[in-house]
Amino acid sequence: MTTPHVPKVAGIEPALPAPTHTAESATASAPADTPPEPRRTAVQDRLSGWISDLTTLHGLTEQLARTRTLEAALQELLRAGASLVGARRGLVVLEPSDGLGPDTTIGLGLGRADIGHIETVPRRAQSFGRILDGLPVTGGLPMTGGLTTHGGPTTANRLHADGHPVDAPADHGADGSGPNGLQGGACAGGLQGGGSAGGPQGGAAANGERTDSPGPNSPGPVSQGPVSQGPVSPGPVSQGPHTPGPDDSGCVACGRGHIAQPDIPGGPGLDPRLREVAAHLGYAASYAVPLEAGSVGRFGAAVWLYDEPAAPAERQRHLVGRYLAYATEHLARLLELHRQRQTVATLREELLPSRLPRVPGVRLAVRHSSGPLGGGDWYDALPLPDGALGLAVGSVTGSGPGAVAAMGRLRASLRAYAVMEGEDPVAVLSDLELLLRLTEPARSATALFAFAEAPPGAPGTGTGPGAGPGAGAGPRTDAGPVTGAGPVTGAGPGTPPPPGTPGAAGRRIVLAGAGHCPPLIIGERRTEYVETTLSAPLGMLACWEAPSVELRPAPGETLLLYSDGLLRRTGEPMDRAFARLHAAAAGVPRAVRHDPEALTDHLLRTLLPEGLDAPESPEDVVLLTAYFE
């Protein structure tokens, strides 16, 4: 005989046994003789506290997940941690244990001078310094009101046989420390401990051997409402004052590898320089946590500073530990990405010109910026025989180290062809196309090369003494070094000659393009594109051909070469982006028309108001300006 099946009714589910980690564990937390109504209220209070904590953590981790750079993530970590522990200021010291860098310090509410003062304190006297150096810490003693005391267990902080407080949250189980200092019951990288996803109770431990659930002596985060934002005042110290350990650091351990200095002005055994700096900056306590992840190990420490003697309560430390479980993994990913970007940027900088040449009658300026993954946009300016000048810009398909390396090979090859046959830009690009098709058939590229003859009467042009083959523009002197996206100067600042200067008359420029954006000529009487787009990119056709274009700029005019990343960064369709660039060039103020540096900066400010180095954009940007005197 079978048990009759309970029929389902719309909106009503059959009675099911209550899971052990929800109803039973919640009701078990109240004494058996408690009336039903107070017990129900106590359960609701506990659930409200859990929901409040989970909502707070969800909001903070969501904001952290939106960060895309290492610096932004560290700033968000400081801000979130300050709200959790009730501090107002703090700093992150980034020192990866693998020695690969970057080593940096970022402050919250602290200026560079303030951080400099803190760095004058001996590291062994700083809580975060002891974390980074792995020095022992005085502590591991019972806690009263969030502070370490010198005596044994107090009635308010009884210990289990395993040494953990009986009123600790579920993540203080006996399973031992998990990743990032979380104790048994915490999910790696999660906010809740084990159990069911999103459940407020501490569930199964990571090793599957223990399940923590709230019991009579484990109230967990009971408080309703948001996390307390103010510092927690130290509770009464029992059984005499604290006696510093043999290191005399004044630091005390708070579990999970966290370290506190709860009373810097009045604590015994502290370094005098620490007291002096704390008094100067106006903080009286600190709370430090390690930053470590399984993929990179320990890579830094974060410390928050209190204006008054204080330390975070157990519930606040519990929430910080939960937050760090996610935050450190996110920071570790951004750290690896930052290292890759730095490697690509360094490689790119080494493959691009470190200096721009000085050529009589021409002043040069350049701005360039790489995307986060590193792209293949490049530029070049090289002096050629007989006082001529070669200008080039180009772009290789793809991104990352492979594209950067291909860009370097292409640029080096173009330089060689330009020296041999630079007076014929079509021949230069034809040879470059053949080389690319034979050696790298899977790639394509765009390029633009301009050959600027020396003006009549210039040294080495065949019209004066000393002229002849190989006579160039005299000994080469270089401008300042290229640094990132900063300015690169050619002939340097000077008073521009008025239009009609004899030395600049008759200069001839021959251009050829291979699928690249057309250059722009900017002058007093004209602002127009030079048509060089009647050609295909390199590597796209079995037989590449392109026409050449001859240009004679008037004295005081500027030739602008750029990459398509400049247009794409505007966010407009290409036809509208071309129109915006033309309008920006036509609207250049008269005062900056004869200064290539100022003209280039004006164009960038007009087209890219957010700046050249926007980390959200994947596009490379190159802008090469040549002003003809």
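Strand β16 (residues 509–514) and β19 run antiparallel and are joined by three bridges. Within this pairing, I509 lies opposite L551 of β19. Two strands are taken as paired if DSSP finds at least two bridges between them. The model is a predicted one, in which local features need pLDDT of at least 70 and side-chain atom pairs count only at pLDDT 80 or more, while totals for chains, interfaces and linings use all residues. Residues are numbered from 1 along each chain as its sequence is written, and side-chain values use heavy atoms, with hydrogens and water left out.

The chain holds 12 helices and 21 strands; these are DSSP runs, numbered from the N terminus, with helices being H or I of at least four residues and strands being E of at least two. Of its 629 residues, 49% count as buried, where buried means under 20% relative accessible area, exposed over 50% and partly exposed in between (1.4 Å probe, protein chains only). Of the contacts with a separation of 6 or more, 70% are between residues 24 or more positions apart; a contact means heavy atoms within 4.5 Å.

β16 and β19 belong to an open sheet of five strands, in the order β11-β12-β13-β16-β19, with antiparallel pairing. β11 (375–384) and β19 (549–551) are the edge strands, each pairing on one side only. On average, neighbouring strands of the sheet are turned by 15 degrees against each other, direction ignored. Helix α8 packs on this sheet and touches β11, β12 (388–399) and β13 (445–452), its direction making about 20 degrees with that of β11. Helix α9 (residues 425–439) also packs on the sheet, touching β13 and β16, and its direction makes about 25 degrees with that of β16. Axes here are lines fitted to C-alpha atoms, for helices over the stretch in contact, and angles run from 0 to 180 degrees between N-to-C directions.

Strand β13 is mostly covered, with eight of its eight residues buried. A445, A447, F449 and F451 point one way from the strand, T446, L448, A450 and A452 point the other way, and all are buried. β12 is joined to β13 by eight bridges, the two running antiparallel, and the partner of G390 in β13 is F451. Another five bridges join β13 to β16, again antiparallel; here F451 has V510 of β16 as its bridge partner.

From α7, V344, L347, R348 and L351 meet P401, V404, A405, M407, G408 and R411 of α8. By class, this contact has seven nonpolar, one polar and two charged residues. Ala, Val, Leu, Ile, Met, Phe, Trp, Tyr, Cys and Pro count as nonpolar, Asp, Glu, Lys and Arg as charged, and the others, Gly among them, as polar.

Helix α6 (residues 272–281) has L274, V277, A278 and L281 buried. Seen down the axis of α6, these buried residues fall within an arc of 100 degrees, so they line one face of the helix; the arc is that of the directions from the helix axis to the C-beta atoms. P272, A279 and H280 are exposed on the other side of α6. The buried residues of α6 pack against β1 (89–94), α4 (112–119) and β6 (259–261).
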